[in-house]
Amino acid sequence: MQDLASGSDKGPSFPGLAKAPTGIRGFEAISDGGLPRGRPTLVTGASGSGKTMFAMEFLVRGALQFNEPGVLLTFEESAEDIAANVRSLGFDIDALVATKRLAICAMPIDPSEVITAGVFDLEALFVRLEGAVARVGARRVALDTIEVLLTCLGNEAIVRGELSRLFHRLKERGLTTVVTGERGRAGDLTRFGIEEYVSDCVVVLDQRVDNEISTRRLRIVKYRGSVHGTNEFPFLITDRGLTVLPITAVALTYPAANERISCGIERLDHMLGGGIFRGSTVLISGSAGTGKTTVVAHLLDAACRRGERALFLSYEESPDQLIRNMASVGLDLQRWIDAGLLLIWAERSTAHGLEEHLGRLDRMLEDFQPQVAALDAMGSLIQIGSQREVTAALARQIDLMKGRGITAVFTSLTHGEEAASSAVAVSSLTDTWLLLRNVESDGERNRLLFVIKSRGMAHSNQVREFVLTDHGAELLDVAIGPQGVLTGSARLQQQKKVASEAAVLEAEIERRRAALAQQAAASEASIAALQGQLQAERAAFEAFVAEEHRRQSEQAIDQSGLDRQEGGSG
């Protein structure tokens, strides 16, 4: 088994220890499967920390999801109050009671009305509890909160003895029990030392307020015979029950896809070797006004064009403002909203704590099921937590989306010298990092785009000018001048200069080509004249040779005739 609190392999839990799953989202991950089956568990905390909600969800989830009926024995509230309170979690207690999957034994006690005298025991309480267990065939029991009873009964020795007897009888019957208790003073887990009897598992709930932001925390202080997460884990009470949000309890086991998807900007896809990997995480950082949100909108628009669902969370702009602003660069986001492919959720980061933001994201991912999700202006979360806390919260958001195979996009505002670093220190957690930067020259400001990193793919190391037009964002090749990279008007001037120089060069080439052609023509004419003269001289020479041969031939004939005449006369 992998210890999710540390991410290391701790080996399997003890084979003899059976677990009862609570059904509370996230709790099984840190408890290695749930609470000890057939044993009591103490859930303690201050007033308002969520003890009763924990106990009730343990019972309701057991009845609904695991076919384990339960009994609630409460000393503080009536059955009607209990049903009304947990209705906000989406639980229909009356239906469970009607179908005999849950029994509620409400015994509200007013300490001012209790008078103790002589020797007493809690046998009547045991009988009532056992009757309810037999009536519904209970496998689970919750006692909320038994310390109210202890407050009313003065003889501590008798009360402790009766408590020991109660827990012994519950364990004998194999009932998985949750006992709630109030935190004591000076760090004591409970006011009456219940932890001395419930020694198998102890869960502490806490609620604290920091900078006017309330946060609930859960910690498993003790779990006999089982590995478990030992850190403090934030948890939420939502309209769907409790949700535990492990900070360091996410194992790196999500798959890695090889499929590429478009960013919606053609030349950016080219810089990334064909687009980003599906299910990867993209960080877009830059100073104010560099176009970060526009790049995000292009990526979401591309997802919707593919028929995929996209989620856009904004901490700075309202949906109407985003739709209007993106229309100025040729992106019609409203049509995707109307088609049900795009959901824009906007709220101030200061509206909730970090854990509540994570819980809301989790619910939206579960309900909307997007393939691409974007979180715009994540740096604004620094207003509700320290850098360490924000980084931890963002790491959980990244793992939440990667675990679902969702392509995640984040934007981060940088300032001055931080331009090449992430404002909330999550750059190491992202797969692709795009940096947008403003540059000022010749009285104007222009934008540049860099690919800082992109894991698992070949990508461009060159800078591109990033231009926003009325038909979308474009990437342009920068010009190189004597002073380095040129953008904007300087780029246009450099391009004009280069074009002018190219035109001058082309004209000079044409002039020289014409002169060369004239020279070639003159040379060819001269060559033709010389060749004509040569041919004439060759013809004259041939005629001379022929004439000389004819003369010599005639001369030889004449000599032969003379020789014959001289021979005849002799």
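Biologist: What makes β21 and β22 a pair, and in which sense do they run?

Modeller: This is a predicted model. Two strands pair if DSSP finds at least two bridges between them. Strand β21 (residues 432–441) and strand β22 (residues 444–454) share ten bridges, so they count as paired, in the antiparallel sense. Across this pairing, L436 faces L449 of β22.

Biologist: Why are β18 and β24 called edge strands?

Modeller: The open sheet has nine strands, in the order β18-β17-β19-β20-β16-β21-β22-β23-β24, and its pairing is mixed. β18 (342–346) and β24 (472–477) each pair on one side only. Between neighbouring strands of this sheet the turn is 20° on average, direction ignored.

Biologist: What does α13 touch on the sheet?

Modeller: α13 packs on the sheet through β16, β19 and β20, and its direction makes about 155° with that of β20. Its buried residues include V390, L394, I398 and M401. Among the elements covering them are β12 (233–238) and α12 (354–368).

Biologist: Why is C105 called buried?

Modeller: Buried means under 20% relative accessible area. C105 has 4%, so C105 qualifies. C201 has 0%, so C201 is buried too.

Conventions. Residues are numbered from 1 along each chain as its sequence is written. This is a predicted model: local features need pLDDT of at least 70, side-chain atom pairs count only at pLDDT 80 or more; totals for chains, interfaces and linings use all residues. Side-chain values use heavy atoms; hydrogens and water are left out. Buried means under 20% relative accessible area, exposed over 50%, partly exposed in between (1.4 Å probe, protein chains only). Helices (H or I, at least four residues) and strands (E, at least two) are DSSP runs, numbered from the N terminus. Contact means heavy atoms within 4.5 Å. Axes are lines fitted to C-alpha atoms, for helices over the stretch in contact, and angles run from 0 to 180 degrees between N-to-C directions.
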